[in-house]
Amino acid sequence: KYPMVEINCAAIPESLVESELFGYEEGSFTGAKRGGRTGKFEMADKSTIFLDEIDQLPYHIQPKLLRVLQEREITRIGGETKPVDIRVIAATNKDLWNMVREGRFREDLYYRLNVVEVHIPPLTERKDDIPLLVRYFADKQSEINGLPKVTFSTDAVSYLQRLPYPGNIRELKNLVERTMLVSGKSLLDVSDFEGQCLNLGNKQVVRKGGAVSFEGMT
């Protein structure tokens, strides 16, 4: 019944983080707009808020987030405290515990966030997903650009499963889209992908017989 609110913590200027997350009342500071502003947490009341790249949340804002999680209430800048009923999902590609040890992330906030942890392994550790992802990305590309649907040879899919993907799923997505646009073919084979990934992640891909090797990799 209520919308999910998404926030990319890395995309908000540090000076605006507090007002974006918690909102403000009219006249609370110079430049505050008439009527004030509803913060993201208030918008997510009775719903879910997704905090992407939580590791980028400024250190001085972290105690305020901790209070929201503990007390289930927010305080607008220049305003009164209001209760909120929210579910919080936080995501990061960094090692938060290592950031705690380095003094860059609050330990109490770490434990408050880390109630249920879902670890998503990199693509190299779940290569059985690649055929499904390739099909999904290809269908989306066809839909977006009005292209006919394409098929992939068995060898092409096997080839894609052997690549290293230092850029993870985004790299696979870009590779599929680029190959579709450049080849213009309805059936994509190994040769179509080889020409588009010769410099995969700054590591030269070399095909030798039936094998694929990656020069420059440690």
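For the residue classes used below, Ala, Val, Leu, Ile, Met, Phe, Trp, Tyr, Cys and Pro count as nonpolar, Asp, Glu, Lys and Arg count as charged, and the others, Gly among them, count as polar. The structure is a predicted model, and its chain of 218 residues, of which 35% count as buried, contains 9 helices and 12 strands. The mean pLDDT of the chain is 86, with 88% of the residues reaching 70 or more.

**Confidence along the chain**

- Confidence is highest in strand β4, which covers residues 47–52 and has a mean of 96, and lowest in strand β11, which covers residues 203–208 and has a mean of 46.
- Over residues 201–218 the pLDDT stays under 50, although the model does have 35 contacts beyond four places in sequence for this stretch.
- Where pLDDT is low, the predicted coordinates should not be read in detail.

**Overall fold and surface**

- When contacts between residues at least 6 apart in sequence are considered, 66% of them join residues that are at least 24 apart.
- The chain exposes about 13100 Å² of area, and carbon and sulfur atoms supply 48% of that area.

**The largest pocket**

- The largest pocket holds about 1400 Å³ of space, and of the 33 residues that line this pocket, Ala90, Ala91, Thr92, Asn93 and Val118 are the closest to its centre.
- Two or more lining residues come from each of the elements β4, β7 (86–90), α4 (96–101), α5 (107–113) and α8 (168–183), and β7 gives the most, with 5 residues.
- Sorted by class, the lining of the largest pocket consists of 19 nonpolar, 5 polar and 9 charged residues.

- Tyr165, which is found in the loop between α7 (154–161) and α8, has a positive phi of about 50° although it is not a glycine.
- The side of the cut-off on which Tyr165 falls is clear, because its relative accessible area is 3% and buried means under 20%.
- Asn168, which lies in helix α8, also has a positive phi, near 60°, and is likewise a residue other than glycine.
- Asn168 counts as partly exposed, because its relative accessibility of 31% lies between the 20% and 50% limits.

- Glu107 has its place in helix α5, where it is partly exposed, with a relative accessible area of 40%.
- Not counting residues up to four places away in sequence, Glu107 touches Trp97 and Val100.
- Glu107 and Trp97 are 10 residues apart in sequence, and their C-alpha atoms are 8.0 Å apart in space.

- Beyond residues up to four places away in sequence, Val84 touches Phe41, Glu42, Asp45, Arg72, Glu73 and Ile74, while Val84 and Met43, which are 41 residues apart in sequence, have a C-alpha to C-alpha distance of 9.2 Å.
- Ser28 lies in the loop between β2 (23–24) and β3 (37–38) and is partly exposed, with a relative accessible area of 27%.
- With residues up to four places away in sequence not counted, Ser28 touches Ile77 and Gly78, and Ser28 and Arg76 are 48 residues apart in sequence and 9.3 Å apart in space, C-alpha to C-alpha.

Conventions:
Residues are numbered from 1 along each chain as its sequence is written. This is a predicted model: local features need pLDDT of at least 70, side-chain atom pairs count only at pLDDT 80 or more; totals for chains, interfaces and linings use all residues. Side-chain values use heavy atoms; hydrogens and water are left out. Helices (H or I, at least four residues) and strands (E, at least two) are DSSP runs, numbered from the N terminus. Buried means under 20% relative accessible area, exposed over 50%, partly exposed in between (1.4 Å probe, protein chains only). Contact means heavy atoms within 4.5 Å. Accessible areas come from the Shrake-Rupley method with a 1.4 Å probe; for residues, only the protein chains shown count as cover. pLDDT is the predictor's confidence in each residue, from 0 to 100. On a 1 Å grid over the protein atoms alone, a cavity is a set of points where a 1.4 Å probe fits but cannot get out, and a pocket is an open set with protein on both sides within 12 Å along at least five of seven lines; lining residues have an atom within 4 Å of a point. Grid points are joined across faces, edges and corners, and a volume is the space filled by probe spheres set on the points.
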